[in-house]
Amino acid sequence: MKILVAGATGVVGRRLVPLLVQAGHEVAGTTRHAERAGSIADQNARPVVVDMLNAKAVRKVVAAARPDAVIHQLTDLADEDFAANSKLRVHGTRNLVEAAGKAGVELMIAQSIAWCYVPGERPAVESDPLDTTLPPYEGISALEETVARMPRGVVLRYGALYGPGTWYAPDGAIAERVRAGSLRPAPSWTSFVHADDAASAALAALDWPAGPVNIVDDEPAMTADWLPVYSAALGAPMPGAGRHAATIGRPVSNAKALSLGWKPQVPSWRTGFADMG
């Protein structure tokens, strides 16, 4: 297939591009930053420098690429600018879907999140409603509704990404907060997924039917469970009692993804964190 990866130098995109190339696909990858184009070319993909908020430019890029599928891995979180990230989810997704439609593209796979479900004790499945009160809801709902307009739109609801290059990496933002003692235990849930497994799911999704799919590991965890393991992996003292930075009210089920044939190579954050060093 000819595949356009939007956001090819992000945490998932830079892992996904080589997987697609190794699988025999012809890949073009986008980046906003000209200085990152070389890293895409080094992965035997064709780099495309484009601002996804520029609708006209996006139409030209998609028309020129003539892809069989578009994989949307766009984020804007390097500076923890959540407003910018939401803007990209809303307007960047709209531009990409409209351009794909004009180019006759049938399939789009898009990155969403798994921590936007309404609170509950039972692990959330894809048919459960999203929580409209959570800050990411506006951007996520716009992204998912827009992608659903595609003839076949697959939405990957990723858990909290960890691994090299993520906020949970030893040099990442979450690690800094743990060392500073500002990220503390609280009664909240996190469903993790290693970034490598997130990329493998995007590759597998080329064969999946339309709709949302939770991409998380096998072990949702309370902060009181995962934070001591994570702190130990960093060689940092366990933070004291206090509020967690972001309360997450629901474990998340990966049963649908497993039924589609995906299986996380890192089934639990326990082993994933232990291997960070």
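Visitor: Which helix gives the largest share of the positive patch?

Guide: In this predicted model, helix α3, residues 55–65, supplies three residues, the largest share of that patch. The patch itself is formed by Lys56, Arg59, Lys60 and Lys102.

Visitor: Is Lys56 buried or exposed?

Guide: The general idea is to look at relative accessible area, where exposed means over 50%. Lys56 sits in helix α3, and its relative accessible area is 53%, so Lys56 is exposed.

Visitor: Now the other end of the scale. Is Ala69 buried or exposed?

Guide: Buried means under 20% relative accessible area. Ala69 has 0% relative accessibility and therefore counts as buried. You can find Ala69 in strand β4, residues 69–72.

Visitor: Which residues is Ala69 in contact with, leaving aside its neighbours within four places in sequence?

Guide: Ala69 touches Met1, Lys2, Ile3, Leu4, Val105, Leu107 and Leu206.

Visitor: Can we try a whole helix? How many residues of helix α5 are buried?

Guide: Eight of the 11 residues in α5, which spans 137–147, are buried, and the helix is mostly covered. Among them are Gly139, Ile140, Leu143 and Val147.

Visitor: What do the buried residues of α5 pack against?

Guide: Their packing partners are strand β4, helix α4 (82–102), strand β5 (107–113) and strand β6 (152–158). Strand β4 is also where we found Ala69.

Visitor: Let's turn to charged pairs. How many salt bridges does the count come to?

Guide: For a salt bridge, look for a side-chain nitrogen of Lys or Arg within 4 Å of a carboxyl oxygen of Asp or Glu. The count here comes to six. One of them joins the side chains of Arg32 and Asp76, at 3.5 Å from N to O. This pair links distant parts of the chain, 44 residues apart: Arg32 is in the loop between β2 (26–31) and α2 (37–41), while Asp76 is in the loop between β4 and α4. Arg32 counts as partly exposed because its relative accessibility is 44%.

Visitor: Which residues are linked in a network of salt bridges?

Guide: Arg122, Asp128 and Arg250 are linked in this way. Arg122 meets Asp128 at 3.0 Å, N to O. Between Arg250 and Asp128, the closest N and O atoms are 3.2 Å apart. Arg250 lies in the loop between α8 (223–234) and α9 (255–259) and Asp128 in the loop between β5 and α5, so this pair ties together parts that are 122 residues apart in sequence.

Visitor: Are Arg250 and Asp128 buried or exposed?

Guide: Both Arg250 and Asp128 are buried, with Asp128 at 12% relative accessibility. Arg122, by contrast, is partly exposed at 45%.

How values were computed. Residues numbered from 1 in each chain as written. Predicted model: local features only at pLDDT ≥ 70, side-chain atom pairs only at ≥ 80, totals over all residues. Heavy atoms only, no water. Patch = residues over 30% accessible without salt bridge, like charges linked within 9 Å, V, L, I, M, F, W, Y side chains within 5 Å. Areas by Shrake-Rupley, 256 points an atom, 1.4 Å probe, with all protein chains shown as cover. Lys, Arg positive; Asp, Glu negative; His and termini not counted. Charge placed at Lys NZ, Arg CZ, Asp CG, Glu CD. Helix = DSSP H or I, 4+ residues; strand = E, 2+ residues; numbered from the N terminus. Buried < 20%, exposed > 50% of the residue type's maximum accessible area, 1.4 Å probe, protein only. Contact = heavy atoms within 4.5 Å.
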